[in-house]
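Subject: A structure for you to look at

Hi there,

Here is the structure I promised to pass on.

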Amino acid sequence: MRLTLHFDRKYSKNNKCGIIVLLIRTNMTGNIKYDFTGNVVAIFGGAGSISHEIATAFGRSNARILLFDLFEEALKKEADELTSEGISVSTYVSDVTQYQSVRDSVENAMKDAGKIDVLINAASVVTRKPFFEISDRDWSRTINVNLTGTFLTCNLVGKLMADHGYGRIINFSSQNSMGAKNNADYAASKAGIDSITRSLAVELREEGKDVTVNAIIPPPTVSAIWKKGRTEEQISNAIRNKLVFESSELIDLVMFLSSREAFSISGQVISHKANLFRVPNR
């Protein structure tokens, strides 16, 4: 991928002090060609719609795909679709809320593939209820899937990467990590993911490992989670008015952060399409 650096000098009217503005121009248009030949990509939450786009993109770039999800039938369906395109894929039933389940599935994957170069944490659930209507069961489920799940996969797979000396980890955060109406449990889980991302990145950097950890804040994206709690009219209006994006629009960012060229980018929570500036759940 080509990156063009452009330096622009601007001046303050008050003190004439020079300010250097660095603009990074990149051709992230969805048409960038990556080659992940020899790479093994593990995707947790592998039966989801966003995961499908990610797995397809990596597969078309010659990576071997490992899909992890709780739902066996959905995994099989996803694997059949990918295999029909000639993509190498293996599936593993895994409950991200349970340490033993994650460990067993990762161990089985390692027996099959021998390594994991890229870890994508896309397993996520949402309740979408007002604060006082969130039950303790709602809270536990959201925290366990979104936050504990991310911790367990980062802990187990990240250790393998550190031992191997190479790896790329991408977690999925949310604009709601800063707080959101009718989404307190989800917001808390995503804020925790931001913290895990930064904390693990620092430790790996200090160990001198070529293992990066970053999180992506996607824009509102057409998916089962985004549709939950919204009427058909709200969904169609959002799509028609371009207030929501297709999951395929995330691919270039995901793949760049997963590449060897992104070795210096770690511990970052990256807002895709300046999504931080949108009012949460407006």
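Below is what turned up, starting with the aromatic rings and ending with a pair of helices.

Please keep in mind that this is a predicted model.

**Aromatic rings**

Searching the whole structure gives five aromatic pairs. One of them joins Phe-44 and Phe-68, which are stacked, with 4.1 Å from centre to centre and 15 degrees between the planes. Phe-44 belongs to strand S3 (residues 40-44) and Phe-68 to strand S4 (residues 64-69), so this pair links parts of the chain that are 24 residues apart. Both Phe-44 and Phe-68 are buried.

Phe-68 also pairs with Tyr-92: their ring centres are 5.1 Å apart and their planes meet at 25 degrees, which is under 30, so this pair is stacked. Tyr-92 sits in strand S5 (residues 89-93), so the pair ties S4 to a part of the chain 24 residues away in sequence. Phe-68 has a relative accessibility of 1%, and Tyr-92 is buried at 8%.

Elsewhere, Tyr-34, Phe-36 and Phe-58 make up one aromatic cluster.

**Two packed helices**

Helix H3 (residues 99-113) packs against helix H4 (residues 136-164) at an angle of about 30 degrees, and their axes are 10 Å apart. Because that angle is under 35 degrees, H3 counts as roughly parallel to H4. The crossing of H3 and H4 is right-handed. H3 contributes Tyr-99, Val-102, Arg-103, Val-106 and Met-110 to the contact, while H4 contributes Leu-152, Thr-153, Leu-156, Val-157 and Leu-160. Of these contact residues, eight are nonpolar, one is polar and one is charged.

Enjoy exploring!

Methods. Residues are numbered from 1 along each chain as its sequence is written. This is a predicted model: local features need pLDDT of at least 70, side-chain atom pairs count only at pLDDT 80 or more; totals for chains, interfaces and linings use all residues. Side-chain values use heavy atoms; hydrogens and water are left out. Axes are lines fitted to C-alpha atoms, for helices over the stretch in contact, and angles run from 0 to 180 degrees between N-to-C directions. Helices (H or I, at least four residues) and strands (E, at least two) are DSSP runs, numbered from the N terminus. Angles under 35 degrees count as roughly parallel, over 145 as roughly antiparallel, 65 to 115 as roughly perpendicular and the rest as oblique. A crossing is left-handed if the near helix is turned anticlockwise from the far one by less than a right angle, and right-handed if clockwise. Contact means heavy atoms within 4.5 Å. Ala, Val, Leu, Ile, Met, Phe, Trp, Tyr, Cys and Pro count as nonpolar, Asp, Glu, Lys and Arg as charged, and the others, Gly among them, as polar. Rings of Phe, Tyr and Trp (its six-membered ring) pair if their centres lie within 6.5 Å; planes under 30 degrees apart count as stacked, over 60 as edge-to-face and the rest as tilted. Buried means under 20% relative accessible area, exposed over 50%, partly exposed in between (1.4 Å probe, protein chains only).
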